[in-house]
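Visitor: Could you walk me through this one, step by step? I would like to see how each answer is reached.

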Amino acid sequence: METIPTLLGAAWLLPLVSFTLILLFGPRMGKAGKAASYVAIGAIGGGFVLSLIALFQWRGIDEPYLAGEWYTLAQFDSLKLTIGYYVDTLTVVMFCMVTLIATCIHFYAVGYMHEELHDVTDHEVTLADGSHLTRPGRFHRFFQYLSLFCFSMLGIVISGNIAMTFVFWELVGICSYFLIGFYIERKSASTAANKAFIVNRVGDMGMIIGLMVLFTTLGTFNFGDVDGEPGIFSLVRPEVAHHDDHAGRDAAASPFATVALAPKADAGDQSDHHGDHTAHATRPLVVPQGMFDAAVRDRVAAGEEATAENLEAWQSSKLGYGLLVIAGLGIFCGCVGKSAQFPLHVWLPDAMEGPTPVSALVHSATMVAAGVFLVGRFYPVFTPEVLLAIAVIGCFTLFMAATIAITATDIKRVLAYSTLSQLGYMMFALGVGGWVAGMLHLITHAFFKSLLFMCSGSVIHAVHSNEMTDMGGLLKKMPITAYTMLVGCLAIIGAGIPLVIGLSGYYSKDAILAQAMLFAEQDENGLFRLMFFVAAGGAAITAFYMFRLWFMTFLGEPRDAHRYEHAHESPKVMTYPLLVLSFFAIFVATPLTSLDMTTAPLTAALDEARPADDHQARTAEDAAGATWLSIPYEHDSHTARIHTQAGLIAFGTAMGGLLLACCIYWWRLVNPREVADMFRPIYRFLLGKWWFDELYDRLFVQPTFFFSRIIAGIDKNLIDWLIDNLAAGTRWFCVGFDTWIDRLFVDGLVNWTARKIYAIGLAFRAVQTGNLRQYIVLIVVGTVALFILATFGFAG
Amino acid sequence: MENAALLWLSVLVFLPAAGALFLMLPIVPRSNPEAIKRIALGVTLATLVVSILLAIPGMQESSFSFDPEAVNKMQSVFNVGWIPTFNIEYFMGFDGISFPLVLLTTFISVLAMAASWPINKYVRAYCVLFLLLETGMIGVFLALDFFLFYVFWEVMLLPMYFLIGVWGGPRKEYAAIKFFLYTLLGSVLMLIAILMLYFKSDLKVLAESSAIDNGQLVAAGLVTDAAQADAWRAEMKASEGARHTFNILALQLMGQHTELFSRPVFGEGGYSLQWWAFVLLFIGFAIKVPSVPVHTWLPDAHVEAPTPISMILAGVLLKMGGYGIIRICYPICPEAAFDLAWWVCGIGALSMVYGAFAALAQKDFKRLVAYSSVSHMGYVILGIGVASVMYGGATSYWSMGMNGAMFQMIAHGISSAGMFFLVGVVYDRVHHRELDKFGGLFGKMPVYSGLAIVIFFAGLGLPGLCGFIGEVLVVLSVWPFSKTLAIISAAVVILTAAYILWTLQRVYLGPEYKGPHGEALTPITAREWSIAVPLVIFAILFGVYPRAVLDYMEPSVSQTVEDLTQWGKANNFARDDSAEGEAAEVSLERRAEPAAKPAAPAANREARVNRPPDHNLVRQ
């Protein structure tokens, strides 16, 4: 049982070893660092094998999760920052998915990046003298970054606490920075890398706030219970066991009382109950004691008295619930950044500046899915309000991104917007209560989207252009790529025979729409209904732009004869991974024994991993106590009625989109130019990507620079001006002092005295005539005067 | 014990000065600058070795001890009379707060000396001043006598003035005089505060206080062992008039356990003596940190100073401000610290934001790094400041904040010294620092660029590198203090990322170098490599194994927090009757001020009303 964390830990650390080896010895690994790829493949392949072993072992374990700590970074009393693990079915499944896709992409990259084995002339970089840049190849460095990325990504998956998640969150961010900016000489690449990192940091700021709230109210970062200490999940959702109803209710309903009487009393309790975990135990969402205390402190600080009545009233009004909402929104902020949801979606399309294997691995299959993964992982903590926010953001993103994908002509950008849109679907699913649906779509999407990206890479590799306007008719030249990409397209639009069988995307998208439908029905609210229709309509747009892409690339006449001439099928090292991934894109979610999708091994496994909750709708009340929001429980969407309806709607919309794409781009019934001209304002709006980049530039970037110049100006023109003037003033004062006081007054006095004495001397000089007779007269007069003085003066 | 400590610490402090004296002897060849630099480097290395010997537990009699009995107290304390007339003592020792900074000093000094090779002007004078500077720096961290502390503080100031003013860049005179006047202003304010505290201090009160046990007297270096404590008390009681002292530890005891510094200075109802002392000391230290708005000497000093002096300046000198606040301001003036918490935190947060914005606007590479220092040192002030409002509340968050601040000082010492060195490397080659005239260095100097990226990411606060730990500990501890400041400090991570990444893009990335002297951009030399690599190694080590630092500092920092918490509980939480009774027991002579008094005497005492109401929580 304890071997599973060790296995996964080893799978996690292997890429780090590979990274270190390549970092230190990369250039010396074989010819031009070619062996670096073997090291990296060995590491990630080994990780895949270990994950598989863990998967099989996991089947024999009936604990809901394993949690523990490996390493303590810092500790202050009971507060700890640790590196630990939290392993549940989701962890194991994600490990297998990430390592499998990463292995495929590593192989693929050996072929794709072969140019880097020798000197590269970068035609996109023009030097000052007009020539193109020629630089040494960086083959080993690419694999070095890939290994670091795999290590960081697996770190997020295995993470046992939210702080560790944040650590690896940042590390995948920096790997993404390096990989987007892999062509460091290209200004566009380094700008895109900066943009990705900085936009992500905006999300991280929210995440830090979430971390602050959680840590300073709960005192722990751990997800699960470690060594009997309750983790976040148990604090937010204490188990209400039926055989000990009284104690359970106390812990749930009256957190304050338990704080005051026995702070840790229920902690030991909890771990005891843990063993006899049953499906009937409920875990309702409560305001944890720490949050209640923190909120009480704020109230008291604001001048209210913490009397017994007040405390009771606060308790029943769920004081501290707001903190739970802030924590949830904060964590979700981080996810918005990483998963490129509106309003932080702007970085992902630009991230396509990176080499295509990177786009496949980092910017579609794994890293951007980390945001969705974290929402899934953190699901127990989200209140219904937060879930609604997640649903709204996801829904808006899925629609917006899909519309932009219609007009994009860069093949990778179409896929990037499609990724945004699909991530929106996942968020939407999670927000409306479809945990399994969202996670299932995360897995299936990872397979078919990495497949699509790698196919696009194969095409780019062949024609040396990203623009679909340079392609066309490539089906004959590169059949394997074309057909595997067709599989990917069919998977992403959710193709299948309704209610019977389909590709992987069919199952996940059906589940999402079924849950959305349930949500829309349960809450009779215009907005919620609208969200369902948007999601259903999004399926049509998805089908349209995906097949637009496929038709433009592989069918019709070649648009650029020269490029077409030189196009060729990619080498086996690139096409075999495509075949492997197409297999998974088709079958990963297929039920083996029956037609019921919930019996598929993957779905069943995910269902097992569903966060423990109270098995009923999550509701939020307004001030008057009326329920205004209810997030339905997922199992309720498994009814035949909803499934049939949702399945047919999904199928209908997808086919509609597909048909439209066929009309325009295959059968050429309508000229796309004319359509674009007809809707010129909308077309321009979509082509301009809804003007988000321009808007953000005006709203945030320029004001920031403006403000920073003001600050620098304050330093130079105000503070230093003051200081310099103070100094000048002091000097002026000293000079003045010197002039006025010293020179005029002190010196003046001295000089005056001197002059007076001189004058007196002069006056006396008049007496000194040299005339003997005059002297004698003076002596006589003087003697007489002295005599008189002596006689009269002293006699008295 | 005492003799060993006397010997070792004196050697540690005065070895560089002795080296400086030696360099002034006529036997040192005047015509051989290379030899002089070698000797100076040897001296700094020897000092580093001494400090390492003291760092390894059990290596020496007076080495740092992790014994749970000793680890949170002053260690290797010795106390020898110096100027008995004024009770000035040659009194030194170290604990977990000062010792890591001493190690940082000796370490950075070696690297900075090694980075001094390109200096060819008046080499002998340069080395002499450099070594004197090192003595001053180590002395400041080790001194426990306030007067001695001040002497070392000034010893450090003068060499720095000349090092900037003689070996600096084009505007060196301006920068040097600006540095000197700013710092001198701080010193003068500090001197006033020192004298205020000195003339109010009275060991007699300490001796008579029942709140002070003999162990505390020993820990404060007033008596050598507990057996003599009673005799000392009797002697003190018998003496006539007040017994003033410069002993920092004794002043801390007086600040926390007696009423000596709590009386108003200018008539009844005014601010207390410790309020004034705190303000004066804080301004003095804030200039050194430097905090906005008294920071403008730093960019000029950095831009004009030669590379090694910038390394010392950013790596060590700035830390003295933070050290002074933790060691002196807070423990001696706890009440003022509590009252002014909002100001301290506000200044910290302001520095973080202001420095980051200003860095974003800079066009000079070194100026940018200097402003990043202002921003990063803001975390230190904030981390120290948030603590003071949590008296009696969640002590561990406070402890985390202060530890984070201390860690940030060490981390910043590594990363900023590294950044300045790396700027110096390119400056030595192309003789300009215009950010817009770089680019493409990655292609020309790959090893250098790789090292630079690690160091800059350490400054950015990337997990796995040293900058992250300090920042995250500080930022996490802010929320209970103020949600607004917490959000502001969280927002700074965006700006930091922006200015660091933009700098990396402009300097290291891109197709080609855009400035003059492109042909001079040769790969880094072995000497440069061996300076940068240790910094990179420590940046990584402290990032993945922060306990290498925290194990040293955490017990002492937490002890400081604990002491202040006790003080807070004894005084500021005496709200209801029972707690008041407790407070009265703890210190009889203190006024047990009813803290919830609605009309606080001054506006900035509002903070007191806002304190966490834990007693009420437990009361039910």
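**Helices, a hairpin and a contact**

Guide: Gladly! Let us begin with a pair of helices: helix 16 of chain A and helix 18 of chain A are roughly parallel to each other. Please keep in mind that this is a predicted model.

Visitor: At roughly what angle do the axes of helix 16 and helix 18 of chain A cross?

Guide: Angles under 35 degrees count as roughly parallel. The axes of these two helices of chain A, helix 16 (residues 367-377) and helix 18, come within 10 Å, and they cross at roughly 0 degrees.

Visitor: Which residues of helix 18 of chain A does helix 16 of chain A meet?

Guide: From helix 16 of chain A come V368(A), V372(A), V375(A) and G376(A). By class, this contact has seven nonpolar, two polar and no charged residues.

Visitor: Are helix 18 and helix 19 of chain A roughly parallel or antiparallel?

Guide: The axes of helix 18 (residues 411-431) and helix 19 (residues 435-463) of chain A come within 9 Å and cross at roughly 175 degrees. The contact includes T419(A) and M426(A) from helix 18 and H445(A) and L452(A) from helix 19. Angles over 145 degrees count as roughly antiparallel. Helix 18 and helix 19 of chain A are therefore roughly antiparallel.

Visitor: In strand 4 of chain A, what is the bridge partner of V120(A)?

Guide: Strand 3 (residues 120-126) and strand 4 (residues 132-135) of chain A pair in the antiparallel sense over four bridges. They form a hairpin with five residues between them, and G130(A) in the turn has a positive phi of about 90 degrees. In strand 4, the partner of V120(A) is R135(A).

Visitor: Which helix of chain B gives the most to the side that touches chain A?

Guide: The contact takes 51 residues from chain B and 52 residues from chain A. Several helices of chain B each supply at least two residues, among them helix 17 (395-430), helix 21 (483-507) and helix 23 (547-571). The chain B side divides into 36 nonpolar, 13 polar and two charged residues. With 11 residues, the one that gives the most is helix 21.

Visitor: What is the radius of gyration of chain B?

Guide: Chain B has 26 helices and two strands. The globule rule gives 25 Å for 620 residues, and the value for chain B is close to that, so chain B is as compact as a globular protein of that length. Its radius of gyration is 24 Å.

How values were computed
Residues numbered from 1 in each chain as written. Chains lettered and ligands numbered in written order. Predicted model: local features only at pLDDT ≥ 70, side-chain atom pairs only at ≥ 80, totals over all residues. Contact = placed C-beta atoms within 7 Å. Nonpolar A, V, L, I, M, F, W, Y, C, P; charged D, E, K, R; others polar. Pairing = 2+ DSSP bridges. Axes fitted to C-alpha atoms, helices over the stretch in contact; angles between N-to-C directions. Parallel < 35°, antiparallel > 145°, perpendicular 65-115°, else oblique. Rg over C-alpha atoms; globule rule 2.2 N^0.38 Å.
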